[in-house]
Amino acid sequence: VSCILVISHIFHLVLKPLGQPGPFAQLLAGVVLGPSLLSRMQRVKDFFIQASAAKYYQFFSFVCRMLFMFSIGLETDVPYLRRNIRVVSIVAGGGSILACLFGGPFFWLLIKVFNVTKERFAFYLLTLTVLANSASPIVIRMIAETKFDTADLGRMAIYSSLVNEMSCVTIVSTLKAFSSSGRFGGAILITLVTVAVIFVNKYLSYFFNKRNQNNRFVSNKEIFVIMFLLTCLALYAEWVGYTAIFCCFLVGLMFPREGKTARTLLHKLTYSVNTFILPVYFGYTGFQLDISNIFNKLTLALTVLMILVSVGTRIVGTLAACHYLMIPWNESVILSLLLCLKGNYDLILINTNPNPNMVWAADLHDFLLTVVVLNTLIIGPVAAILLNREESSAQYPTILEILNPESELRILACVYVPRHVSGHVSLISALGGCPTAPIKPYMVHLVELPKKRKSKLMYHQLEDGDQYSDEEEYGGNDVLEINDALDAFISETKILVHQSKIVASFLTINEDVCNGAEDLRVCIIFLPFHKHQRIDGKMENSMEEIRAINQKVLRHAPCSVGIFVDRGQTGFQQPHGSQCVQNIAILFFGGPDDREALACSKRILMHSKVNLTVIRFLHKTTASRSSNSWINDASQKDEEVIMAISNIGTENEIDNAFVETFYNRYVAQGRAGFVEKYVSSGQETVAVLREIADSYSLFIVGKGGRGTCPLTSGMSDWEECPELGLVGDLLASSELDISGSILVIQRHRHSEAEGGFLDD
């Protein structure tokens, strides 16, 4: 294990600049250490390949499989898989079905060459699995290391490989069960035990969460109980004669995601699986390869032929499926190559005896093993190169204006202290109120890096449950309060919020926020205001550093940004579970930021507990014009609007067209209100704002970008917080003394040329 880790790290240092991910380096390290190279030396061979080594290595690989399959199930994005199960299944099945069609003739060829006379049905299943299976752990790690796990292409590849591999496991296990009466009973028992463990885990998770209300994590003893149940299930499945990977994956998939138990499991497993377990597992896969076994001309020809059949059928079948689903050509090629990767369930079948009294012939075993390992070593680097090229040119929506209202919205909410959580989860609740408009929220806890550590305890001096990295100690009791608030929100709304923490100096923490937003491919970042509401309702400056960080993020953010002025006592409350309807106002003056605010409202108005009104401010000189006659024609088609604005040049015309589209889609259908206010100066605008100050619990407005606007002239005289813009600053000041919360949105500044709302 140590040698594999050291050699793989050396290879990774060399290959990473060339764009090759970790799994390729780890497979290569195993090949170098195994019988193909270093273990050909007698002293090395005697050390690594001893009489009892094979069973020890197999048991160690079993433990690795059990842990990483449980971890994969625990990290599976169930809502995404549920929404895209049809697409993922078609992509996964396209290549597999074609591979199975070609597997029949190839099976008879192998029977003749290797003289297989017994257990032909088991050998047929083995051949089809080698041709049709995709190794989901290798695909997942390749996608994660190229930072494609948050992109649609990466997630489709991950879940296509998972569906493919779990389907292979299910089909092969089912056919084996029906081929033998004894095995059928064992399959039924495994199913019942798996279901029992899933239900026990649900109870244990609830019990451990309740028992550790005052702790950040559950204790090691409680984690041991869960791992003990998982190990018993896996050992029983293997003892009966089936692989445990599907059982472990299913237990992780069905494990409750909210609470301290799931958070502790993810914390303990993610690091160890990614940095130790999977590298060793991939290394052992390469270690089993003995390249000298294919130097026979016939074996070499069969190896090349089987790799070509496996890769060719997979690529052609996946490309056909992608063409049917109208997936772009470049993404289809990458998907087809990623699904060609092998080295998990197929290896399990190769190393499993067809029955207790028989083993596969050595030449047949070595041949199939060589096909699997060489297939991945050849295809892996090609797929990595294409992934890196796609990553450099890939684009994702960085503004809400061009995002389809029914597509997935990815947001990043930043909090510093527990009181910021309630406001941000209220926004998440409002944005995630419609099942047809999915949301993927991330919440990051920003913690200032202290200059000096207070404690220098050694590992054995730490109390039980405190064996974590230094970073986990940062944040004090705020971490516990934030976790509890999020757990309560997730339990009530069933909206899963992905948590993370950034510990850095406040001078540079804005860079980490921007880099994190880019890696997560979010559309908008929500930042807290540097003032908070006191008990008497007044706003008090709590952390001046937040203001400087907000200003830096506004300048350098890779997407749109929203600053939330939370007046939670008198203002906006969480819509989910609320008995009263929240009244929200969109203040539209014109410009890209106001259009972005209006685009944000498309998500919010879908919530059943939200009553949204768009208040458009217009100059009095436009009152007599007929430019707004479109309001009376609510049946106008969106395609006509798009054609009408194809040659628009002025910002005002773009605003009119955008508001027109919004009116036709939402206001005309009674889903939102619409009011026009005619003013001629900033003073009249302030007067209107005073009139509506107490009518709404939340005001959403764009930061600026209006140029020289007569509607806000003179309002800069009392500007205190320029990061909120003229209108936002006025609403947040004590001049108006409003009771509602305020959300000020700035459109991504580098997206001006992307073209408004045409894709909407």
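F178, F184, I188, L189 and L192 make up a nonpolar surface patch of about 510 Å² (patch members have over 30% relative accessible area and no salt bridge, with nonpolar side chains joined within 5 Å; a salt bridge puts a side-chain nitrogen of Lys or Arg within 4 Å of a carboxyl oxygen of Asp or Glu; areas are Shrake-Rupley values with a 1.4 Å probe). This is a predicted model, in which local features need pLDDT of at least 70 and side-chain atom pairs count only at pLDDT 80 or more, while totals for chains, interfaces and linings use all residues. Residues are numbered from 1 along each chain, and side-chain values use heavy atoms, leaving out hydrogens and water.

Helix α10 (residues 181–211) gives the patch its largest share, four residues (helices are DSSP runs of H or I, at least four residues). L189 sits in α10 and is partly exposed, at 43% relative accessible area (buried is under 20%, exposed over 50%, partly exposed in between).

T150 turns up in the loop between α8 (136–145) and α9 (152–179), and is buried at 10%. Beyond its neighbours within four places in sequence, T150 touches R155, R410, Y442, D519, L520 and R521 (contact means heavy atoms within 4.5 Å). D519 is 369 residues away along the chain, yet its C-alpha lies 7.4 Å from that of T150. A polar side-chain atom of T150 is 2.7 Å from the backbone oxygen of D519.

As for cysteines, the structure holds zero disulfides (sulfur pairs within 2.5 Å). For C559, the nearest cysteine sulfur belongs to C523, 7.4 Å away. C559 is buried at 2% relative accessible area, and C434 also counts as buried, at 17%.

How values were computed. Helices (H or I, at least four residues) and strands (E, at least two) are DSSP runs, numbered from the N terminus. Buried means under 20% relative accessible area, exposed over 50%, partly exposed in between (1.4 Å probe, protein chains only). A polar contact is a pair of N or O atoms within 3.5 Å; within protein, one must be able to donate a hydrogen and the other to accept it, and residues adjacent in sequence count only if both atoms are side-chain atoms. Patches are made of residues with over 30% relative accessible area and no salt bridge: like charges are joined within 9 Å, nonpolar side chains (Val, Leu, Ile, Met, Phe, Trp, Tyr) within 5 Å.
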